[in-house]
Amino acid sequence: MMLGVRQTLPLVPGVVTFAAVFGTVCAQKGLTLAETLLINAFVFAGASQFVAMELYRDPVTPAVLLAMTGIAAAVNLRMLLLGASLRPWLGAAPAWQVYPSLYFLTDMNWLLALRYRAGGGSDWGIYLGSGLLLWVLWAVAVIPGYFLGQLFAEPQRWGLDLVMPALFITMLVPLWKGRRQTLSWGVAAVVALASWQLLGGYWFVLTGAIAGAIAGAYASDPNAADAAPAKETEKSDG
């Protein structure tokens with residue numbers, strides 16, 4: 001867990017900035033500081049929180065509540081794919097440990113955990129330690145943004161809207177292993193861009209993730225093809 005915390009430290013500036021901007025959004029929408037802190041602590045959903053707050057109106061009618069819930073769920077559907085990818089690793093652990101820990105699943109600690117796993121690591125405490133630190137940061141970093149709203153009101157003026165995409169790209173690069181990843185990532189990017197242009201909103205998050213997953217599942221794996229003849233040779237030699 002402490003290794004997970006240490007590997008998350010380079011992400012702290014981006015997470016704090018992202019959360020501070022959300023604090024500003026909540027302040028502009030008229031939420032109290034207590035309400036803002038509760039949203040971050042209990043929802044803990046990053047981008048979907050921004051989307052939901054775009055729909056927020058006071059008073060909150062059943063229609064507004066349904067719209068906020070629906071759009072947040074749509075953006076977060078990618079978590080189905082992220083959670084499924086952890087099954088081969090976490091599946092052997094007791095359910096009482098695994099399922100509560102999935103509350104702390106985010107794109108960032110998922111990427112960190114996958115990099116650690118790809119390097120031969122097996123202790124999933126790295127995922128939990130990273131997730132806990134991210135949760136604490138996300139829960140409390142809204143405070144400066146809430147009180148310093150004018151500073152973060154236009155994050156694009158300071159380039160702050162590029163912080164999180166840059167971090168994701170930096171973490172993804174070491175996971176690239178060849179043609180299969182190139183194909184699936186390329187398909188995901190093309191479908192996401194097309195969805196953004198044609199559908200608008202945040203549907204590109206879901207469509208890009210699903211398209212990339214399907215492309216990766218059906219793409220031929222050259223490593224597997226190379227491994228098959230090798231196994232046959234071993235059998236014949238035996």
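**Segments, helices and burial**

Author: The unreviewed UniProt entry lists "transmembrane region" for residues 37–56, 63–84, 96–114, 126–146, 158–176 and 183–205. Keep in mind that this is a predicted model.

Reader: How many helices and strands in the protein chain?
Author: The count is 16 helices and 0 strands.

Reader: OK, switching to Ser-48. Where does it sit?
Author: Ser-48 is in helix H4, residues 47–55.

Reader: Buried or exposed?
Author: Ser-48 is buried, because its relative accessible area is 1% and the cut-off for buried is under 20%.

Reader: Which residues does Ser-48 touch?
Author: Leaving out residues up to four places away in sequence, Ser-48 touches Ala-72, Val-75 and Asn-76.

Reader: Now H3. Which of its residues are buried?
Author: In helix H3, residues 33–42, the buried ones are Thr-36, Asn-40 and Ala-41. They sit on the same side of H3, because they cover an arc of only 125° around the axis.

Reader: What covers the buried residues of H3?
Author: The cover includes helix H2 (12–28), H4, helix H9 (125–140) and helix H10 (142–147).

Reader: Which residue just after H3 takes a positive phi?
Author: Phe-44, with a phi of about 50°.

Reader: Jump to H8. What span should its 12 residues have?
Author: Helix H8 covers residues 107–118 and should span 16 Å at 1.5 Å a residue. The end C-alpha atoms are 16 Å apart, so that agrees.

Reader: Which residues in H8 are buried?
Author: Met-108, Asn-109, Trp-110, Leu-111, Leu-112 and Ala-113. Just after H8, Gly-120 takes a positive phi of about 105°.

Reader: Last topic, the whole chain. What percentage of the residues is buried?
Author: Of the 238 residues in the protein chain, 37% are buried. The accessible surface comes to about 13,600 Å², and 69% of that belongs to carbon and sulfur atoms.

Reader: And what share of the contacts with a separation of 6 or more is between residues 24 or more positions apart?
Author: In the protein chain, that share is 77%.

How values were computed. Residues are numbered from 1 along each chain as its sequence is written. This is a predicted model: local features need pLDDT of at least 70, side-chain atom pairs count only at pLDDT 80 or more; totals for chains, interfaces and linings use all residues. Side-chain values use heavy atoms; hydrogens and water are left out. UniProt positions are given in the numbering used here, feature names are shortened, and annotations may be inferred rather than shown by experiment. Helices (H or I, at least four residues) and strands (E, at least two) are DSSP runs, numbered from the N terminus. Buried means under 20% relative accessible area, exposed over 50%, partly exposed in between (1.4 Å probe, protein chains only). Contact means heavy atoms within 4.5 Å. Accessible areas come from the Shrake-Rupley method with a 1.4 Å probe; for residues, only the protein chains shown count as cover. The arc is that of the directions from the helix axis to the C-beta atoms. The expected span of a helix is 1.5 Å times one less than its number of residues.
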